[in-house]
Amino acid sequence: MEQRQEIEQRIAAWLEQCVEESGAFFLNTVENGRPKSRPISFHMLVNGINYFGVGAMKDVYHQMQENPYVEIAGLIGKGKQFFRYFRYYGRAVFETSDMMAELALNQPGYPIMKKIYTKESGHRFAVFHLEDATAEKRAMMATLETYHLKTITK
């Protein structure tokens, strides 16, 4: 059985592949019992854990506070393989300290975030990871790889 860090590294590679090949992956939530989806591209692997972020002033943050169960999904394979995709779903757990948000805002490739999330603007970048999660690499009619990640103990 693979260690969590090895699985998280595999998930990070799939996320990176989604961003490289299609520009984004999607964060799916629920609002008033209805599905909501939006493209995102921010992710970072820190100490063997994949982190994502959303603006705390946005509807998506409030949706996740009400129902923390989310799905992240993206296409892989540059369209050359019929419907190869990635799903990562579980319970979103937001970081309580600002340490990860500061680290996120200093990641290369996301300079616009530094302009949006400032003390002057009052906007906060809320960073989260998934617990009790499942990651799947799928094809149209089959699951190619599946990994289950339990709660992180710190």
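Helices (H or I, at least four residues) and strands (E, at least two) are DSSP runs, numbered from the N terminus. The model is predicted, so local features need pLDDT of at least 70 and side-chain atom pairs count only at pLDDT 80 or more, while totals for chains, interfaces and linings use all residues. Residues are numbered from 1 along each chain as its sequence is written, and side-chain values use heavy atoms, with hydrogens and water left out.

Glycine 90 sits in strand E6. Its relative accessibility is 7%, and glycine 90 therefore counts as buried. Buried means under 20% relative accessible area, exposed means over 50%, and partly exposed lies in between (1.4 Å probe, protein chains only). Residues up to four places away in sequence aside, glycine 90 touches Pro68, Tyr69, Val70, Leu130, Glu131, Asp132 and Ala133. Contact here means heavy atoms within 4.5 Å. Histidine 129 is 39 residues from glycine 90 in sequence, and the two C-alpha atoms are 9.2 Å apart in space.

Salt bridges were examined next. A salt bridge is a side-chain nitrogen of Lys or Arg within 4 Å of a carboxyl oxygen of Asp or Glu. The structure contains 8 of these salt bridges. Arginine 91 pairs with glutamate 131, with 3.3 Å between the closest N and O atoms. This pair links distant parts of the chain, 40 residues apart: arginine 91 belongs to strand E6 (residues 84-94) and glutamate 131 to strand E7 (residues 125-139). Arginine 91 is partly exposed, at 22% relative accessibility. Glutamate 131, at 9%, counts as buried. Arginine 91 also forms a salt bridge with aspartate 132, the closest N and O atoms being 3.1 Å apart. Aspartate 132 lies in E7 and arginine 91 in E6, so this pair ties together parts that are 41 residues apart in sequence. Aspartate 132 is partly exposed, with a relative accessible area of 37%.

Another salt bridge joins the side chains of lysine 36 and glutamate 31, at 3.5 Å from N to O. Lysine 36 is partly exposed, at 34% relative accessibility. Glutamate 31 is also partly exposed, with a relative accessible area of 26%.

A nonpolar core is a set of buried Ala, Val, Leu, Ile, Met, Phe, Trp, Tyr and Cys residues joined through side-chain atoms within 4.5 Å. The largest core has 28 residues, of which Leu27, Met64, Ile72, Tyr88 and Phe128 touch the most other members. At least two residues of this core come from each of helix H1 (4-22), strand E1 (25-31), strand E4 (49-55), helix H2 (59-66), strand E5 (69-76), E6, E7 and strand E8 (142-149). Beyond its neighbours within four places in sequence, leucine 27 is in contact with Lys36, Ser37, Arg38, Ile40, Val54, Val60, Met64, Val70, Glu71, Ile72 and Phe128. A second, separate core of 14 residues includes Phe42, Val46, Ile49 and Val127.

Helix H2 has a buried side. Val60, Tyr61, Gln63 and Met64 of H2 are buried. These residues cover an arc of only 160° around the axis, which puts them on the same side of H2. The arc is that of the directions from the helix axis to the C-beta atoms. The buried residues of H2 pack against E1, strand E2 (34-40), E4, E5, E6 and E7. The face turned away from the buried side of H2 carries the exposed residues Asp59 and Glu66.

Aromatic rings were searched across the whole structure, giving 10 pairs. Rings of Phe, Tyr and Trp (its six-membered ring) pair if their centres lie within 6.5 Å; planes under 30 degrees apart count as stacked, over 60 as edge-to-face and the rest as tilted. The rings of tyrosine 61 and phenylalanine 94 have centres 5.0 Å apart and planes at 70°, so the pair is edge-to-face. Tyrosine 61 lies in H2 and phenylalanine 94 in E6, so the pair ties together parts that are 33 residues apart in sequence. Both tyrosine 61 and phenylalanine 94 are buried. Phenylalanine 94 also pairs with phenylalanine 128; the centres are 5.3 Å apart and the planes at 55°, so this pair is tilted. Phenylalanine 94 in E6 and phenylalanine 128 in E7 link distant parts of the chain, 34 residues apart. One aromatic cluster is formed by Trp14, Phe25, Phe52, Tyr61, Phe86, Tyr88, Phe94, Phe128 and Tyr147.
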